[in-house]
Amino acid sequence: MAAALSFTDAQAIVTDLNDFDSFMVLTLSGAGMAGIEHHTQRTPLQDGETHIRTLLAPRFLIVELVIMATTFETLQTARRTLTAALNPKKGAGTLKYKPDPAGVEYGISCFIEQGADFSNPVSPAAEVATISFRCPDPAWYNTTPSAPTVVVPAGGLSIPISIPMSISKAAKTETITNAGDLARYPVITAPGPFSDPLIKNDTTGKYLKLEGLSVASGETLTVDMSARTVAVAGVSYIDRVTAESEFWPLERGANSVTITVESGGATFTVTYNTPYLGV
């Protein structure tokens, strides 16, 4: 069976680019390893150079497809349909690619770099079009998210009870494995009631502390590590993030994640899409 390739625009409208009815993909170029940038420096009289860092360059994907119709008139309609679907004014969209119908579907955020270039008519009812996509983030990702949980039990009274009486904190540590090729920032959600969560990646030592934040029953905390936002019931609480806190990613491989709350307890769901260097 053929590979699947579709484009979802910023309004969530999906265009199947390989439906074998109106469109058939001939080639997809640029889906492998993205460009590599080595940052180096060299001082006077130094042999060679000193490596500073390695970064990935933006990715460019080129799709060549055939527009198929039954008449010249329906070919023109298909051309207009494709042009409208790839409107660059809509902003970022998502290209989804599934090379194996029974395997993983890969996604990548992209902008239209060049709309359909109708430059190769095959017949009065068929034409080859070339489309170019620009991907500022070069990583592909599994469109099916991983969502492991960290269940923090409700805190309680210390036994034996001492005077003055205190309520103990509650904490839980879990290992979360990012099986991808790159680090990935998760979205962490948890329903209340609980207060003052501390969300830490023990593997890197980075943590996010939300001081003075109370999440009531019926409310949900949402922390987007990539967007660097903190919200409860849709209201921003970024002001509760302490000065020494950092929004952190899941590194490649095993990550030891510990979540502590001052009171209450909750199930924290850590949602992320496994990233890949290429497909």
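Trainee: In which loop is proline 193 found?

Mentor: Proline 193 is found in the loop between β13 (187-191) and β14 (194-195), where strands are DSSP runs of E with at least two residues, numbered from the N terminus. This is a predicted model, in which local features need pLDDT of at least 70, side-chain atom pairs count only at pLDDT 80 or more, and totals for chains, interfaces and linings use all residues. Residues are numbered from 1 along each chain as its sequence is written, and side-chain values use heavy atoms, with hydrogens and water left out.

Trainee: What kind of peptide bond joins glycine 192 and proline 193?

Mentor: Most peptide bonds are trans. Glycine 192 and proline 193, however, are joined by a cis peptide bond, with omega at about 10 degrees.

Trainee: How should I read phi, and what is the value for alanine 12?

Mentor: Most residues other than glycine have a negative phi. Alanine 12 has a positive phi, near 65 degrees, and lies in the loop between β1 (4-8) and β2 (14-16). Phenylalanine 20 also has a positive phi, near 60 degrees, and is found in the loop between β2 and β3 (23-29).

Trainee: Is alanine 12 buried or exposed?

Mentor: Alanine 12 counts as exposed because its relative accessibility is 58%, whereas phenylalanine 20, at 47%, counts as partly exposed. Buried means under 20% relative accessible area, exposed means over 50%, and partly exposed lies in between, using a 1.4 Å probe and protein chains only.

Methods. Helix = DSSP H or I, 4+ residues; strand = E, 2+ residues; numbered from the N terminus.
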